[in-house]
Amino acid sequence: MTLRPFRLLVLCISLMIPAALCAVVLFLAGYAGQAISFNGLHFLWDVNWNLGDLYGDPVTVNGITIPPGAEYGVLAFIAGTLASSGLAIFIAVPLSVGAAIFLAEAVPVLENHARDRLSWLPPIRPALAMLVELVAVVPSVVFGLWGIAVLVPFLGHYISPTGNGYGLLAAAIVLALMITPIIASTLYDALLQVPKENRESAFALGSTHFEVVTKAMMPMVRSTLAGGIVLALGRALGETMAVLMVSGGGLNMLPTSLFSPISTIASFIVSQLDSAESDPTSMSVKALAEIAFVLFIITLAVNVAAKLLSSGALNVRSRKA
Amino acid sequence: MSAAAKLETRSTQELRRIVLSVAGWGLCAIALLGVIFPLLDIVGVVAGRGITALSFSLFTQTTTGAANGLANAIEGTFVITLFAMLIAVPIGVGAGIHLSEYGKNRLGSAIRFMSDTLTGTPSIVLGYFSYIVFITALGWGFSLLAAAITIAILIIPYLARITELALQQVPNPMREAAYALGATDGVVVFKIVLPAASGAVITGGLLGLAISVGETAPLIYTAGWSDQMWTGHFTQSPVAYLTYVIWTFINQPDEHSHQLAYAAAFLVMLVVLAINISVRLMVKRTKFT
Amino acid sequence: MKLPTLLRTGAAALALATAAGLATPAHAAGISLVETGSSLLYPLFNLWVASYSTAHPDVSITTTSTGSGAGISQSIQGLVQIGASDAYLSDAMVKAHPEMLNIPLGISSQAINYNLPGITHLHLTGPILAGIYEGKITNWNDPAIAAANPGVTLPNHVIIPIHRIDGSGDTFIFSQYLAFSDAGWSSTEHYGTSISWPAVAGGIGANGNPGMVTALKNNPYGIAYIGISFADQVKAAKLGQAELLNKAGNYVLPTPETISAAAASVASTTPADERISMVFAPGANAYPIVNYEYAIVKTSQPDAATAKAIRKFLSWCVQGGNVPAYLDKVHFMALPAAVKTLSVTQIDKIK
């Protein structure tokens, strides 16, 4: 095999991604090491989180110095993270699939009809594409502000049985709004890339336009859609400020309804880091590093699941063919 | 009359298909509206409150406390983004090229996998990582370099993924034709594949830019904040940025700070809109020549 | 075709940025100081710095708001010169970092607000509040609340306790009031900038003081602790303000008189290192949730000029700047004369 310098170059470049990930993971693992050995595995199924009495004299438990009363359990945050991100995906996927299909397939037809009479009509698709890109830069804090000014009172007045709009549902809706543009634009781009031949042959078989989309085009873009969803899920799992502002910050409890207050791992790290830094034993910061580590494991698991799902889908398709 | 006759000739199954199609389009339209309305509302709130807070002095004065202008923050965001993109674009696009063109093997899927995992890292964790490593251990202090590297780590996986997805859409016969003519790897990528997918790659770049302009959490512990313009130093000199203004000033008790916060949010949007439009114009122009 | 164009644009922009950056007169010839930390002190620092810099153009001071914990740790690490904190360092922290000074710059306080239409000043006590936040007192017509409020018609409705989820000086002094006045709370929940809030059905966490005000506005029958600098917003939202039971057994509102009374009663017992809580202070008229706002500063600075600039600025803060013209805007109170002297003595240690 001959040496191909260009391939070697891009290989080296792409190896920088694993290098960065390893650096971050090693840092976290090293930082969290003492917390991991102190907490053991029950860290994962303990619901209670307590930084302890940061103003009391530190005590030594099993050879490790901690603030008195400190207890680090993350089950509530794992539950909050999975519930809010899962619900967000559940809301966002149908919305963004519908929106992308309509935008890619129906809007051009409607525009052609409308253009006969309304020649001044601005082009809809670029305008919407621009809106989507604008939303991508609206800072997370602004989403949060919109959440507490508009969404939370709405949920509280019309939907929540207790009159309280903060909690799991509010967090999931705000997350869904933040990730919908990611999924929709990925799918939209992919739909436009479907070769003309595939569309036209489906039309030729007598399919309605909608059937062309659902039966001929969607299967072709399935893996791209899955990629977009995983990307969006990654964003949802790691989102911090907006979630912090509307989630109700549940502590020491598991969510039981759509209106239970929750905390996600990422938002909890942000909210606790400040206090943790004034812990004389620095155990709090290490415990937070351990939570961050748990979030890694979760994203890792999501990616493994996505991988298995997409390879399974491929098998089905190849068997049919 | 003729319409009714036509309907009668249709089988029930055909009718069902038509009804399903109409219902399907209806649902899609509702979905589109459901996406657009809240997003329009959010953009409208920012624009509405931001425009009223805009003034000329925002662009000429620096911040003092939570008052006066935003010149330092505007420049800081620009410089941080610029250097973050300078680091991230070559790496992200390069990695995307590798994954799409030569990454159909174990190593490729391993890198892809790790890249997706990095995407899920909360940005505050990256920020804290940089704080411990760059700011304290390497002793850079709050600095442009640490901020740019942190943001770059954040956006590289997105760029790589989007570049890869874009390049994969380029039909294989184009590559084969180029190789058949004796083109080298670099020529195939830069003259054939990348230009064909340039629209999508640029969109990816814009997304990266958007993330970089809009991030707060990783900068709090890396860029710091400064009331002055960027000093020109890469280390030992904190840098201002617009999202800090939004994040901090919105938590102040007085209305003037809130106005500055919305002005900053509006500026972030304007900047991205401007980049967006100029890139579109550029792509269009080059397409015609 | 397009990528080189982009690259060229990028290179040009880079050159421009570098040129612009280098052309900017960096720190002129003066000294630049950075303050970071408490979001409660941040508005006051902004008022101070704005006036101080006009009089002293040779020093430029950047103020930032990151949180008390960040203020403490970044000051210890020497990343900033002045750390701002709502809380003094713990004994363990002082043992680990004896070079850190805790210098009071002003006096802040906190109100307990609630959303009960028609009831403007409810009587509340530490044990009642502890009961509410522990989930033991769940209804507004609970006998304990009724006993403290004879003659008031209390609604038969579930209480919604609202707490801060971010690390906060407000949480620190609120939990200190509960810990000092209720034995149950002090043994289980302790006090600090972050609390392991007991799970209360219907309880809500909110982010920052603005989040607390909004959450309380959005939730009738809610109760919240809100920093005094947000008193104007609370008033505008027509929320009730509680009279709190102090150590002497009287119910008092947070007013300049009651806050000063608390400060005056602690002034004589404030130790030389000034680490003392003013919460639940003695004094017939003393408001129970009051605290010193601290500058956390290292005694040994990298060079004499920086040390001198810090000394000069902080001395001005506790003397020329410790006047109603600045403090009133954020509803803070001036330090008592005896405490000012202690602060100045500490400031002189910065070398």
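Chain B has 13 helices and two strands, where helices (H or I, at least four residues) and strands (E, at least two) are DSSP runs numbered from the N terminus. This is a predicted model, in which local features need pLDDT of at least 70, side-chain atom pairs count only at pLDDT 80 or more, and totals for chains, interfaces and linings use all residues. Residues are numbered from 1 along each chain as its sequence is written, while chains are lettered from A and ligands numbered from 1 in the order in which they are written.

Overall form of chain B
- The radius of gyration of chain B, taken over C-alpha atoms, is 24 Å, well over the 19 Å that the globule rule gives for 289 residues, so chain B is more spread out than a compact globule; the rule is 2.2 Å times the number of residues to the power 0.38.
- Along the principal axes, the C-alpha atoms of chain B fill a box of roughly 75 × 60 × 40 Å.

Contact between the chains
- In chain A, 68 residues are in contact with 74 residues of chain B, contact meaning that C-beta atoms, placed from the backbone, lie within 7 Å.
- Helix α1 (residues 5-39) of chain A gives the most to the side of chain A that touches chain B, with 13 residues.

Helix pair in chain A
- Helix α5 (residues 168-193) of chain A packs against helix α8 (residues 222-238) of chain A at an angle of about 160°, with axes 9 Å apart; axes are lines fitted to C-alpha atoms over the stretch in contact, and angles run from 0 to 180 degrees between N-to-C directions.
- That angle makes α5(A) roughly antiparallel to α8(A), a term for angles over 145 degrees.

How values were computed:
Parallel < 35°, antiparallel > 145°, perpendicular 65-115°, else oblique. Contact = placed C-beta atoms within 7 Å.
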